[in-house]
Amino acid sequence: MSEAGHHAELTRRRMLQGAGVALTAAVGTAVLGLAGPTGTPAAAAGPGGHDTFDEVYRGRRIQGRPAASGHHHHGADYTVQIDGEELHVMRNADGTWISVVNHYQPHQTPLALARAAVVELQGATLVPIA
């Protein structure tokens, strides 16, 4: 390869690397800038990598947070509520989440699970399990 061709190749590589870094930074900034309905972050990292969330989704208030100590239903160390009523959730061995509302449809996060439960409820009230 000629000297001029070698420099041109390095320039193209550097441009592509620079574009990759810029894209990564832009995506990171966009993700950090996401906000909930009140202008505060919709989710914040909690203990164990679980997200804490509090948002209105399709007119329903959904909340999730690490469970208070001593409250570990079916091995779930996490509490999800829809309009103030607890949605019983369970974490599967593969790390996915299920609930009493959508027991056969696993979700990757408690937030995704809560949103899917709201959709499945179709406006019905969540009835507490005794």
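Biologist: What should I know before reading the numbers?
Modeller: The model is predicted, so local features need pLDDT of at least 70, side-chain atom pairs count only at pLDDT 80 or more, and totals for chains, interfaces and linings use all residues. Residues are numbered from 1 along each chain as its sequence is written, and side-chain values use heavy atoms, with hydrogens and water left out.

Biologist: Which residues touch the most other members of the largest nonpolar core?
Modeller: Phe53, Ile62, Val80, Ile82, Leu87 and Val89 do, out of 15 residues in that core. A nonpolar core here is a set of buried Ala, Val, Leu, Ile, Met, Phe, Trp, Tyr and Cys residues joined through side-chain atoms within 4.5 Å. Buried is under 20% relative accessible area, exposed is over 50%, and partly exposed is in between (1.4 Å probe, protein chains only).

Biologist: Which elements each supply at least two residues of this core?
Modeller: Strand S4 (78-82) and helix H2 (110-121). The largest share, 6 residues, comes from H2. Helices (H or I, at least four residues) and strands (E, at least two) are DSSP runs, numbered from the N terminus.

Biologist: What does Leu87 touch?
Modeller: Leaving out residues up to four places away in sequence, Leu87 touches Val80, Gln81, Ile82, Ser99, Val100, Val101, Ala117 and Leu126. Contact means heavy atoms within 4.5 Å.

Biologist: Switching to rings. How many aromatic pairs are there?
Modeller: There are 2 in the structure. One is Phe53 with Tyr78, stacked at 6.4 Å centre to centre, with 25° between the planes. Rings of Phe, Tyr and Trp (its six-membered ring) pair if their centres lie within 6.5 Å; planes under 30 degrees apart are stacked, over 60 edge-to-face, and the rest tilted.

Biologist: Why does the Phe53 and Tyr78 pair tie together separate parts of the sequence?
Modeller: Phe53 sits in strand S2 (residues 51-57) and Tyr78 in strand S4, so the pair links parts 25 residues apart in sequence.

Biologist: Are those two buried or exposed?
Modeller: Phe53 is buried, at 3% relative accessibility. Tyr78 is buried too, at 2%. Phe53, Tyr78 and Trp97 form one aromatic cluster.

Biologist: New topic, the backbone. What is phi of Arg58?
Modeller: Near 50°, a positive value in a residue other than glycine. Arg58 lies in the loop between S2 and strand S3 (60-66). Arg58 is exposed, at 60% relative accessible area.

Biologist: And what about phi of Gln122?
Modeller: Phi of Gln122 is also near 50°, positive in a non-glycine residue. Gln122 is in the segment after H2, and is exposed at 72% relative accessibility.
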